[in-house]
Amino acid sequence: MGGLLAPENLPFAVALALLVLLVIVQITGISDFLGDADGHDADLDAGSALASVTGLGALPFIVWLSFFLATFGLVGLSLQELVTSFFGAPFGPGAATAMGLVAAWPVNTVVTRLAGRVWPHDETTAVPVDALLGRKGIIQIGRATRGSAARAQVRDVHGQLHLVMVEPHEDSAMLGEGCEVLLVHREGETFYAVPVDGPLRLAD
C-alpha cells in the first residue's frame, strides 16, 4: 500500500477511495436519504455534443461517475508504473493527474458507451393526450349529446386504457352507452367523436 499512498499516486488513490465510498453508499441505501443523483438535473441528452465525447447520458450519472473513477484510478496507476519503468521515476502529482485524465477520458467514454448498450433503461408507455385522436373507444357511462359529455374508454397504441369525456361531433347526434366511437378532435378536456357504425362509417 505504500506505493499507492505515495504523493505521486495520491490522485488515483483518492479516486479509488471515492469509488469504494460510492459503492458503500449504494449498497447500504444511504443514497436514498441524499436525494436523487440521477434526477432530471443530472440527465444529459445522449445525442448532445458533450454526451458524445464523455459517454454521459448512456448510463445513470452515478454509474457513469463510478466508471470514471475506476478508469482514472486504474489507468493512472498503470501509466505511473509504465513511466517509472521507462524513466526510473514516476511523474509528480500534477503531471500524473493530467496524464491520467487525458488517458482515462477516451477509455471511459468507450467503456460507458458499451455498458450503456446493455444497461436496462426505464421505458414508459405514456402518450400525449392528442395521441388518442383517431383511436376508437366505447361509451361506458351515460349518453353523450352536445353540451353533455359521457365517459368513454379508449385504448392507446400501447394497449393502455384511458377514460375520457366525449361529446358527439355532430350537433344533433347522440352517442349511447355501448356505442363504438372514433375520436376526431379535442377541445380542452373534451373529445368529440363520431359513431363507427353511423353515417360516417369507417372501414376497419
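Phe61 and Trp64 both sit in helix H3, three residues apart, which is about one turn of the helix. Some ground rules come before that.

This is a predicted model, in which local features need pLDDT of at least 70 and side-chain atom pairs count only at pLDDT 80 or more, while totals for chains, interfaces and linings use all residues. Residues are numbered from 1 along each chain as its sequence is written, and side-chain values use heavy atoms, with hydrogens and water left out.

Now the overall layout. The protein chain has four helices and five strands. Helices (H or I, at least four residues) and strands (E, at least two) are DSSP runs, numbered from the N terminus. Read from the N terminus, the order is α-α-α-α-β-β-β-β-β. Of the 204 residues in the protein chain, 32% are buried. Buried means under 20% relative accessible area, exposed means over 50%, and partly exposed is in between, using a 1.4 Å probe and protein chains only. Taking contacts between residues at least 6 apart in sequence, 56% join residues at least 24 apart; a contact means heavy atoms within 4.5 Å. The chain exposes about 12500 Å², and carbon and sulfur atoms supply 63% of that. Accessible areas come from the Shrake-Rupley method with a 1.4 Å probe, and for residues only the protein chains shown count as cover.

Next, helix H1. It covers residues 10-28, which is 19 residues, and reaches 27 Å from its first C-alpha to its last, close to the 27 Å expected at 1.5 Å a residue. The expected span is 1.5 Å times one less than the number of residues. Which residues of H1 are buried? They are Pro11, Phe12, Ala13, Ala15, Leu16, Leu19, Leu22 and Val25. The cover over the buried residues of H1 includes helix H3 (61-87) and helix H4 (93-118).

H1 also contains Val14, which is partly exposed at a relative accessible area of 42%. Val14 belongs to a nonpolar surface patch with Leu10, Leu18 and Leu21, and together they have about 340 Å² of accessible area. Patches are built from residues with over 30% relative accessible area and no salt bridge; like charges are joined within 9 Å, and nonpolar side chains (Val, Leu, Ile, Met, Phe, Trp, Tyr) within 5 Å.

Back to the rings. Rings of Phe, Tyr and Trp (its six-membered ring) pair if their centres lie within 6.5 Å; planes under 30 degrees apart are stacked, over 60 edge-to-face, and the rest tilted. The count by this rule is four aromatic pairs. In one of them, Phe12 and Phe72 have ring centres 5.0 Å apart and planes at 50°, so the pair is tilted. Phe12 is in helix H1 and Phe72 in helix H3, so this pair ties together parts 60 residues apart in sequence. Phe12 and Phe72 are both buried. For Phe61 and Trp64, the centres are 6.1 Å apart and the planes at 20°, so that pair is stacked. Phe61 is partly exposed at 30% relative accessibility, whereas Trp64 is buried at 12%. Ring pairs link Phe12, Phe61, Trp64, Phe68 and Phe72 into a cluster.

On to charges. How many salt bridges does the structure hold? There are two, a salt bridge being a side-chain nitrogen of Lys or Arg within 4 Å of a carboxyl oxygen of Asp or Glu.

One joins Asp130 to Arg186, with the closest N and O atoms 2.7 Å apart. Asp130 is in the loop between H4 and E1 and Arg186 is in strand E4 (residues 180-187), so the bridge ties together parts 56 residues apart in sequence. Asp130 is partly exposed at 43%, and Arg186 is partly exposed at 31%.

Arg146 and Asp171 form a salt bridge with closest N and O atoms 2.8 Å apart. Arg146 lies in the loop between E1 and strand E2 (150-155), and Asp171 in the loop between strand E3 (161-168) and E4, so this pair ties together parts 25 residues apart in sequence. Arg146 is partly exposed at 36%, while Asp171 is exposed at 59%.

Ile139 is in strand E1 (residues 136-141) and is buried, at 1% relative accessibility. Not counting residues up to four places away in sequence, Ile139 touches several residues, among them Ala150, Val166, Leu175 and Val181. Thr190 is in strand E5 (residues 190-195) and is buried at 18%.
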